[in-house]
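Here is a briefing for a first look at this structure. Please keep the sequence and the 3D view open while reading.

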Amino acid sequence: MRGKLIVFEGVEGCGKTTQLQRSQQWLVDSGWQSLLQAKGYVQQIITTREPGGTELGSKVRQLLLEEPTAEMMQSRTELLLYAADRAQHVDGYLTPHLSQGALILCDRYTDSTIAYQGYGRGIDLSLITQLNDIATSGLQSDLTLWLDLDAATGLTRTRQRGSIDRIEQADLSFHQRVQQGFTALVQCHPQRITRIDATLTETEVAEQIQAALGQRFAQWYGTERPEDKG
Ligand SMILES: Nc1ncnc2c1ncn2[C@@H]1O[C@H](COP(=O)(O)OP(=O)(O)OP(=O)(O)O)[C@@H](O)[C@H]1O
Ligand SMILES: [Mg+2]
């Protein structure tokens with residue numbers, strides 16, 4: 001039994017972390033988790049994030065997101081740090097759990113690197129694709145939920161949330177290029193990436209995600225949605 005990797009992607013403040021947590025709770029409350037476990041399709045449901053899904057990765061995350069210092073981080077350095085975090089995460093966490101049959105909800109993955117370091121920083125896209133292949137050993141998501149929100153609205157949300165990190169501090173045009181990157185990615189990978197309208201309320205966004213997950217479970221496991229428990 002191989003597990004499944006489900007990734008939440010999108011610009012800063014689009015609601016990835018909020019919706020990942022809601023999805024995890026919904027899988028329990030809706031009865032999906034117990035149904036998939038009882039049928040032996042899924043061993044456990046776990047959550048993780050990039051960067052920082054491992055102990056080593058959380059140190060890399062600090063380097064990547066801490067306040068800018070006098071020495072500016074170079075774009076290629078940033079790219080390679082994300083790749084190092086990912087290699088550690090794939091080999092030390094994602095692959096072992098997938099081989100045991102886990103369903104993994106992951107906050108950001110390879111598409112963020114294409115959007116941020118490729119479209120945002122302007123690093124050659126084929127170089128990034130090669131580096132993603134090295135860092136992941138070819139491990140792709142089974143489903144990526146792209147929370148589509150314009151960059152300005154996302155940044156307003158993160159600023160309301162409180163302290164802002166090094167990446168969030170980049171100017172609006174950077175984040176608009178990132179958003180263009182995600183828009184291009186969904187066009188290239190319409191099977192793997194599902195667009196979610198993230199401009200709506202938290203509950204409405206959650207409902208779209210639940211519909212997308214239910215559809216995928218039917219496709220992967222041939223299983224209908226469990227009877228409502230409420
Ligand atoms: N649909 C929504 N409508 C309005 N506000 C929202 C919505 N979803 C989340 N928020 C709020 O916006 C802020 C950012 O949400 P969240 O932290 O989930 O985004 P994120 O995509 O994980 O951000 P980051 O890229 O910084 O990790 C939070 O304060 C959250 O409560
Ligand atoms: Mg988040």
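Ala, Val, Leu, Ile, Met, Phe, Trp, Tyr, Cys and Pro count as nonpolar, Asp, Glu, Lys and Arg as charged, and the others, Gly among them, as polar. By these classes, the shell around ligand 1 has two nonpolar, eight polar and five charged residues. This is a predicted model: local features need pLDDT of at least 70, side-chain atom pairs count only at pLDDT 80 or more, and totals for chains, interfaces and linings use all residues. Residues are numbered from 1 along each chain as its sequence is written, while chains are lettered from A and ligands numbered from 1 in the order in which they are written.

**Around ligand 1**

- The shell holds 15 residues, where near means a C-beta atom, placed from the backbone, within 6 Å of the molecule.
- The closest are Gly-15, Lys-16, Thr-17, Thr-18 and Arg-157.
- Two or more residues each come from α1 (16-29), α7 (151-161) and α9 (202-221).
- Helices (H or I, at least four residues) and strands (E, at least two) are DSSP runs, numbered from the N terminus.
- α7 gives the most, with four residues.

**Helix α9**

- The 20 residues of α9 should span 28 Å at 1.5 Å a residue, and its end C-alpha atoms are 28 Å apart, which agrees. The expected span is 1.5 Å times one less than the number of residues.
- Val-205, Ile-209, Leu-213 and Phe-217 are the buried residues of α9. Buried means 20 or more other C-beta atoms within 10 Å of a residue's own, exposed means 12 or fewer, and partly exposed lies in between; C-beta atoms are placed from the backbone.
- An α-helix has 3.6 residues a turn, so residues three or four places apart point the same way.
- The face turned away from the buried side of α9 carries the exposed residues Thr-203, Ala-218 and Gln-219.
- Cover for the buried residues of α9 includes α1, α2 (32-38), β4 (143-148) and β5 (193-197).

**After α9**

- Gly-222 follows α9 and has a positive phi, near 65°.
- Glu-227 lies in the segment after α9.
- Glu-227 counts as exposed because it has 8 C-beta neighbours inside 10 Å.
- Glu-227 and Cys-106 are 121 residues apart in sequence and 26 Å apart in space, C-alpha to C-alpha.

Notes. Two residues are in contact if their C-beta atoms, placed from the backbone, lie within 7 Å.
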